[in-house]
Amino acid sequence: MTALVLVALTLSTSLAWTGKLAPRGAYEAVPQYWHDAADWLTENASGSSPDGSDAQRALIVPGAPFALQTWGLTRDEPLQALATTPWAVRDAVPLTPPGAIRALDSVQRLFADGRPSAGLADTLLGQGISYVVVRNDLDPENSRSTRPASVHQVLDGSPGLEKVAEFGEDVAPGQVDGVVLDGDLRPPYPAVEIYSVGDSADIPASGPYTVDLDRVPVVQGGPESILRSNELQNNGIRNPVPSGPTLLASDAAAAGIAVNSVTVTDTPMNRETDFGQVDNHSSALRAADEPRRSLNEVSDYPVYGAKTVDAEWEGATLTASSSASDATQIGGSAPGSGVAAAVDGDLATSWISNGIERAVGQWLQLDFDTPVRGGLLRMRTSPGTIGDPVKWVEITTPNGSTASRVDEPGEPMTVSLPGGETPWLRITAKSTVDGTRGSQFGISEVSVDDHSDRDNPKQVPIVHRAVLPETPAGASVDAWELGQEFPGRSGCLDTEDRIRCSSGLSKSPEELGRFSRTIDVPMGTAVIPDLTVRTRQSPELEALLAQPGRPLAGGASDVADLHGSAFAATDGDPRTSWAAPEKSITDRAGTNPTLTIELPAPTLVDGLELSPSLGALPAHPTRVAVNLGNGPMVRDVDTDGSTTLELAPYVTDRIVLSIVDWEGVLDRNSLGFIQSQPPGFAEVTPLSGGEPIGAPYDGDREITVDCFAGPILSIAGQTVRTSVTASAEQFRSGEPLKASVCDADTPVNENFVNPVSLPEGRQDVVVEPGASFFVDGIRLRTMPIPAQWPTSSAPQAARTTAWSPDHREVTLTSTTEDRLLVIPESNNSGWRATTPGGVELSPVVVDGWQQAWIVPAGASGTISLDFATDRWYRLGIFGGLLLLIPLLFAALRRPRSMPDLGPAPRPWQSLPAAIVTLLGATIVLAGIAGAAAVAVIGVGAVFLDRRYGRALSSRVLVSAAGGFALLGAALLSLGPWRSPDGYVGESYGVQLAALIGIVALAISAMRKP
């Protein structure tokens, strides 16, 4: 008994003697700046109504699973305890309906991607949000939140938002000479900032409002589609969906509202979601019958009553062992790396296996619609995977298998399939270059030639498309609004002092090349297409931006974005920088990071002006070698500012600049890994006679991609060519660009575009954007198009006379039209609305998540809103509390007699059977070490029995069981789960301590009393 007490005492005090008494993230108090921010919101966002009905809501960004700040872990937001005005946040446990989560995610996705939006302000106002609170004090390593620089890029670049307050000192990672954190992507910002969302005449700033029911547009899709409609409208595309509230077709049907016309979107898409994450948590588009990767009850936040947009295959169906596009991908999913990327005809995209797996054993399978005979497989493995590249693959069919060697990732491979009819084939990674199991396996492109007709072999056409569900019965279609839900992320962030870039920052769009949708046309019509595209970081874009008469730099870089590639070295902007690839310093092999500058014409060059980056990265060069064609000239470079090098004059049209030496800079990422960073330059300016060569860079010059080189649309099999015209800076920025429809070889005004016929039934809409663009969205407006669509549904603020958590009163005047009474809060079925005559109003959901009721024509007076179940809820709480009284009496009452429990039960009646079972179990769990532990502890127990008696040996066994279990737990606590050295629970010390504790406990239980 004494041993058991000692073990229990030791365990109960373990937090103290292991130094863990204070939990992780402990803090003394919430910093004063959060109190100041809450007070500011109280003063400025409380509204003008005495009852608080028009208090303005604030959105806390960036979203994070839990509130883990640099100063401590509060789990809930600091404003939870401090704010007196309403607020919202996207966290791991959003206590709102699924529609509200989807609406929040559409906004959160902008912050995660660092993508400014012309529709952000209107979307926030529609969600009842008037202020955005930016928290820059989240723990950069453990909070799993978006970088503050990404949030600021969105807020500062989106129209309608303005910074109005800031609190606290600047927050930034600690600085050490020669060391940066997180790729130098975290500039200092005040601890808390507040942005205001500009008022709109189309949407009340806060509080309840009414709107005529026949003015409210109906949209087939999910709440996330509202942001896209706002973007298109504010980007100058005429829109049948006016500003103001929207009814989803599924919600209209649930409320019994007739749908006469509808705007059809390609949402919600069939995806899987990691519910524990707030960013990059959704998979690529899935087919209806595709196996689930997660074990969640539902695959995604549902849109009740709405059918999903599903993936569909034609020619062959592709499946894989895993994908980086899976929702289960550690570090966030990459929808552009799904299996569809292997057959999109674009070498820049790839199917890549899940990073949590190993490369060896990963596979990609093709199941053909029609079996092929004498097939020829053509493929390229991806050069963009992490870890050791795959060297050997195995191609398996029902007729046998064959091995093929990968000479170089990205190089074409051709493999003859085993003879016979082939209904399917599988490509499996078998080994890597260095014999390790690798990290990822990827395939850039795969195709199969069918040699069933030997004289006329044909490539099996494999098509992947997104198929929209049918439209509501009897409803006409105003427009089809189709777009890219995941348009990717740039490799650069525009901060106050400079543009910061990192190769690990970028993420490809889900559909980088071919964009395909299959729509259901209920009745034959004609449409006018409106296409918007974004520029794709590529050599073709660089060629478009190359300014005639100006030097152009070329060279390798890990950053594809032109703000961080070699193009940046001669763009005339000191805020941008070229960084050499990491491979150029890790695998130098006698070479140096090199930049080549092409001059517009042979010119006498006698100097070179070199400007280092305005920040720590890229690393600052200290010595360079310049070759004008007359041999290298080595010169020292100033690291603190621009350096003008004097060179031996020489006529040339090409300058080769090599970096010989540089200041070493180390980067420490969030996992604790440290890596040397490459050097680079912000600007390289060739000089002749002391003057820059070439014209200054002109970002305002107009660039046109003509009708023969522009994006091509195919609508129901009819080809429509487009042209894109914008300034050089617009092309480079990646903002949405409107494509003009062409008539022959000439772009035409949108008012004179010839409609494209759209027959009834299932029709394909396909866009081939070309190498310089990817699709942002396409809208098909049906004919006839009105001369003017309404820009607003004209909602009107409603007057309140009472406003509490469970009872509210809204006063309405009589009208001749049915109206919606909208409360911009999450819908809850517990609310009831009644007229002065006691008639209960029919509820309806607005915008996919907001509470509303249908007010019939003629109704007026005070509408009462009551949450009746709140009364029973509170009675249940207090009733349960009162039940503690009889429970206390029952606990204090002593029983009159103690029952005889009899002898202690024996777990095993047969000792030999128990020993064999224990020995077998430990061998399965720990191999020979398990058998040795059983033998040593068993022999030790027998020795103690014979030498000192059963009582002492029992105490020793119990103490050993508890002590070693405690030791294992203590060792485990020394290494956190996310330790850069790996999971410490897999170490021999922890495993051995746990094994000894379990064996000692088992042997103690086997012995006779």
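Good morning. A residue is called exposed when its relative accessible area is over 50%. Lys307, at 51% relative accessibility, therefore counts as exposed in this predicted model.

Let us stay with Lys307. Its side chain meets that of Glu470 in a salt bridge, with 2.6 Å from N to O. This pair links distant parts of the chain, 163 residues apart: Lys307 is in the loop between strands S12 and S13, and Glu470 is in the loop between strands S24 and S25. Glu470 has 42% relative accessibility and counts as partly exposed. In general, side chains of opposite charge can pair when their charged atoms come close.

The structure holds 43 salt bridges, and I shall present two further examples. One joins the side chains of Glu394 and Lys430, at 3.9 Å from N to O. Glu394 lies in strand S18 and Lys430 in strand S21, so the pair ties together parts that are 36 residues apart in sequence.

The other is formed by Asp870 and Arg874, whose closest N and O atoms are 3.0 Å apart. Both residues lie in helix H13, four residues apart, about one turn of the helix. Asp870 is buried, with a relative accessible area of 14%, whereas Arg874 is partly exposed, at 46%.

Finally, I turn to Arg90, in the loop between strand S4 and helix H5. Is Arg90 buried or exposed? At 2% relative accessibility, Arg90 counts as buried. The side chain of Arg90 makes a polar contact of 2.6 Å with that of Asp105 and another of 3.3 Å with that of Tyr301. Thank you.

Note on methods. Residues are numbered from 1 along each chain as its sequence is written. This is a predicted model: local features need pLDDT of at least 70, side-chain atom pairs count only at pLDDT 80 or more; totals for chains, interfaces and linings use all residues. Side-chain values use heavy atoms; hydrogens and water are left out. Helices (H or I, at least four residues) and strands (E, at least two) are DSSP runs, numbered from the N terminus. Buried means under 20% relative accessible area, exposed over 50%, partly exposed in between (1.4 Å probe, protein chains only). A polar contact is a pair of N or O atoms within 3.5 Å; within protein, one must be able to donate a hydrogen and the other to accept it, and residues adjacent in sequence count only if both atoms are side-chain atoms. A salt bridge is a side-chain nitrogen of Lys or Arg within 4 Å of a carboxyl oxygen of Asp or Glu.
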